[in-house]
Amino acid sequence: MTKKWFVSALAALSVGGTALLQSASAAPADVKYSVNGQSFTPSVPAVEQQDHLYFPIRDLGNLLGKYVDWDEVRQTASFTDKPKLTGKYTLDHADLAEGIKFGIGSSLAHIPGDPDNVFYTTADRGPNGEIDVNGETRRTFPLPNYTPSIYKIQLDQGKIAVLETIPLKINGTDPVTGSSKITGLPNLKSRDEVPYETTAQNVISYDPYGLDVEGLAYNPQDDTFWISDEYGPYLVQVKRDGTLVQRLAPQGISSELNTAALPLKDTLPAVYLDRRQNRGAEAVGITPDGKWMFMAMQSPLRNPDKSVDNSRALRILKIDLATLKPVAEYAYLTEDAGQFKGLKQSDIVISDLNVIDENTLLIDERDKNAGDAAQLKRIYAINLTDATNILGKYDEAGPSGKTLEQMSPAELRQAGIMTPLKRTVLDAVEFNYPNEKIEGISLVNGHTLVIVNDNDFGVTNPDAKENGTDLWTFELPYDLK
């Protein structure tokens with residue numbers, strides 16, 4: 001915790017904070033602290049003022065077993081009770097092929113009315129890797145006919161069991177598979193990565209229906225799923241039997257993707273075409289009443305170019321499900337990488353979201369590290385009530401001469417842009433969650449938080465005996481409803 005944060009916190013928690021800071025002095029050096037009889041040293045020294053000892057609120061929060069979050073713009077300190085770890089579940093499943101693990105965990109959804117231990121999840125586009133060929137990095141697909149699917153899973157006695165597999169398909173013939181089933185191959189030669197076979201020597205087919213599935217949400221109004229697809233970015237509606245219904249795309253996407261088998265509506269803002277490859281539409285969620293859908297981007301748009309890859313401003317889009325048109329957009333600020341050791345700002349991403357109601361979302365924010373190297377694996381509750389709707393306002397350089405992604409947090413404040421209020425619901429690093437990619441989060445009955453990782457089909461550790469998929473459950477000491 002920095003001195004600047006400590007000073008701000010004092011001002012926020014006291015009336016006449018300026019006077020307090022002017023007259024405050026360091027606490028005597030011989031002051032001792034203990035917790036449950038054990039010696040304790042605060043991260044920042046306490047200060048003394050008018051015979052009162054003022055303690056850093058983050059240390060106070062830790063002593064009380066609470067998370068502490070500080071919103072500098074709103075001058076608000078939030079204290080949130082920490083959850084209790086209640087269950088650990090692992091996937092034990094046959095490999096897809098030699099050296100390729102079975103994969104789930106790129107999303108997680110619970111359908112109201114289902115048993116509390118039953119969920120739906122997906123993997124992404126299938127096994128893929130990168131090979132360097134004469135200085136060029138090529139994307140390989142060792143199982144090009146892999147079918148992205150929705151999986152119904154059950155948690156029982158420490159294990160994840162796959163109850164049902166729902167292959168994704170079209171009402172027609174996919175040009176790659178020759179059947180109704182689709183693949184996870186890229187869509188467009190004009191804007192997607194070039195797909196290669198295993199040795200990275202030969203280009204294989206593009207698939208106009210291919211999906212890189214990253215998020216999954218359920219709409220109770222019509223009993224369908226919505227998928228967030230990283231390629232476009234797209235949002236794709238899916239029947240419960242896996243049939244693709246329609247695709248929402250940014251304005252200006254190639255018309256060749258609009259087919260009878262998968263109609264396309266270009267209702268998303270055109271600026272989303274500037275997504276960074278493999279950092280697209282990472283998350284989708286729907287309000288319990290089925291009226292609103294939210295989509296979050298994994299990383300900053302390259303708006304105007306890749307010079308903004310270290311921007312802290314990520315976009316969250318709100319869509320009216322009755323019209324399938326966006327009605328709001330919010331600038332979400334990721335954590336400042338400067339407070340961590342050795343992290344680049346571009347290493348911090350959004351990996352999933354869960355919608356509580358129209359104004360409250362859970363956001364999965366993480367770094368790229370695993371195990372002991374992990375520093376940021378948090379689930380935040382964000383409040384959109386007073387967040388600024390920036391839809392269509394900062395896609396191009398405005399009066400400030402900058403796009404949203406070019407603006408610093410201070411410039412966002414100067415422009416009057418209020419970012420969503422964040423408070424920590426879970427810090428998975430404190431619980432030693434072992435994996436890098438927490439990519440699925442869900443909430444059951446308002447108080448059971450569930451997280452799962454995407455194992456990337458074990459491509460980084462193909463010789464491991466374990467599948468590498470870990471799902472953990474936590475009990476919140478309060479309700480999120």
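Phe-431 is partly exposed in this predicted model, since its relative accessible area is 22% and the buried class ends under 20%. Phe-431 and Phe-474 form an edge-to-face aromatic pair, in which the ring centres are 5.1 Å apart and the planes make an angle of 70 degrees. The two residues belong to distant parts of the chain, 43 residues apart, with Phe-431 in the loop between strand S27 (421-427) and strand S28 (438-444) and Phe-474 in strand S30. Ring pairs also bring in Tyr-433 and Trp-472, so that these two residues are linked with Phe-431 and Phe-474 into a cluster.

The aromatic pairs in the model number seven under the distance rule applied here. One of them joins Tyr-146 and Phe-457, whose ring centres lie 5.5 Å apart and whose planes stand at 80 degrees, so this pair is edge-to-face. Tyr-146 sits in the loop between strand S11 (136-140) and strand S12 (149-156), while Phe-457 sits in the loop between strand S29 (448-453) and strand S30 (470-475), and the pair therefore ties together parts of the chain that are 311 residues apart in sequence. Tyr-146 is buried, at a relative accessible area of 10%, and Phe-457 is likewise counted as buried, at 2% relative accessibility.

Phe-457 is also the end residue of a span, 106-457, that an unreviewed UniProt entry annotates as "domain: Phytase-like". Asp-223 is found in the loop between strand S15 (213-219) and S16, and its relative accessibility of 36% places it in the partly exposed class.

Two cis peptide bonds can be described next. One joins Gly-232 and Pro-233, with omega about 5 degrees, and Pro-233 lies in the loop between strand S16 (224-229) and strand S17 (234-238). The other runs from Asn-303 to Pro-304, with omega near 20 degrees, and Pro-304 is found in the loop between strand S21 (292-297) and strand S22 (313-320).

Charged side chains also meet aromatic rings. The charged end of Arg-247 sits over the ring of Tyr-234, at 5.0 Å from the ring centre, and the charged end of Lys-318 sits over the ring of Trp-292, at 4.3 Å from the centre of that ring.

Towards the N terminus, the unreviewed UniProt entry gives the annotation "domain: Copper amine oxidase-like N-terminal" for residues 35-82. The end C-alpha atoms of residues 35-82 lie 18 Å apart, and this span is 46% strand and 15% helix. Leu-60, Leu-63 and Leu-64 form a nonpolar patch on the surface, and together they have about 250 Å² of accessible area. Leu-64 lies in the loop between helix H3 (57-63) and strand S6 (66-71), and with a relative accessible area of 52% Leu-64 is classed as exposed, because that class begins over 50%.

Technical notes
Residues numbered from 1 in each chain as written. Heavy atoms only, no water. UniProt positions renumbered as here; feature names shortened; annotations may be inferred. Helix = DSSP H or I, 4+ residues; strand = E, 2+ residues; numbered from the N terminus. Phe/Tyr/Trp six-rings, centres within 6.5 Å; stacked < 30°, edge-to-face > 60°. Buried < 20%, exposed > 50% of the residue type's maximum accessible area, 1.4 Å probe, protein only. Lys NZ or Arg CZ within 6 Å of the ring centre and 35° of its normal. Patch = residues over 30% accessible without salt bridge, like charges linked within 9 Å, V, L, I, M, F, W, Y side chains within 5 Å. Areas by Shrake-Rupley, 256 points an atom, 1.4 Å probe, with all protein chains shown as cover. Salt bridge = Lys/Arg side-chain N within 4 Å of Asp/Glu carboxyl O.
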